[in-house]
Amino acid sequence: LARLDLGDNPNPVIDIDELGWGFDGGIDRHSMAILKATHEKRPNLKIAVWQMRGPVAPKLAAVYRDTVKLVMMETYVDLNDAWMIAFQLQAARLNGLLKRSVVALGLGKESDDGGGYRWTQTAEELEQQVRLIRFVAPESPGVAFFGKWKLKENDCPLTDEQLDNICSRFLEMQ
């Protein structure tokens with residue numbers, strides 16, 4: 001990562017997916033070493049990470065605080081398990097990461113070979129989830145998404161226009 005050719009980009013940013021496998025175990029320790037080394041060699045490089053489904057472990061969180069600009073906490077829910085949103089946000093708060101953490105909601109549904117679990121599929125679900133984010137953690141800077149293409153792939157009623165409309169009102173929601 002420290003040797004990536006980013007051209008003459010005056011504001012380089014990289015995005016790393018699937019961090020948080022080890023809950024401070026071996027995989028996380030390896031990730032921590034990579035983040036630290038990259039930040040040491042390229043302090044102007046902004047790093048964003050996709051945190052796996054679950055809370056950030058304390059030692060990994062400490063490295064995130066020193067090296068990462070944005071933590072996207074993967075949260076694949078429907079209205080039956082929206083409590084996961086509050087759980088992710090509270091874990092970020094306890095680890096001192098909330099002001100640089102966003103809930104990353106899965107859209108559509110998981111592939112059938114992965115279980116076929118239903119994720120956010122309607123404007124009503126998304127609006128309720130965003131309102132929950134704003135209620136539980138108004139200091140969180142936003143919301144992210146995974147799987148937008150899965151909305152069409154799974155014939156979900158949530159449209160691009162609805163998604164944009166709800167997100168445009170993020171800061172005003174209570």
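A crossing of two helices is called right-handed if the near helix is turned clockwise from the far one by less than a right angle, and left-handed if the turn is anticlockwise. Keep that in mind as we walk through this structure, which is a predicted model.

Let's begin with helix H3, residues 83-94, and helix H4, residues 123-136. Their axes lie 10 Å apart and meet at an angle of about 30°. Angles under 35 degrees count as roughly parallel, so H3 and H4 are roughly parallel to each other. Here the definition from the start comes into use: the crossing of H3 and H4 is right-handed.

H4 also packs with another helix, H6, which covers residues 160-168. For this pair the angle is about 15°, and the axes are 10 Å apart. H4 is therefore roughly parallel to H6. The crossing of H4 and H6 is right-handed.

Now turn to helix H1 (residues 26-41) and helix H2 (residues 58-67). They pack at an angle of about 15°, with 10 Å between their axes. That angle makes H1 roughly parallel to H2. Which hand does the crossing of H1 and H2 have? H1 passes H2 in a left-handed crossing.

Is Leu4 buried, exposed or partly exposed? Leu4 has a relative accessible area of 39%, so it counts as partly exposed.

Note on methods:
Residues numbered from 1 in each chain as written. Predicted model: local features only at pLDDT ≥ 70, side-chain atom pairs only at ≥ 80, totals over all residues. Heavy atoms only, no water. Buried < 20%, exposed > 50% of the residue type's maximum accessible area, 1.4 Å probe, protein only. Axes fitted to C-alpha atoms, helices over the stretch in contact; angles between N-to-C directions. Helix = DSSP H or I, 4+ residues; strand = E, 2+ residues; numbered from the N terminus. Parallel < 35°, antiparallel > 145°, perpendicular 65-115°, else oblique.
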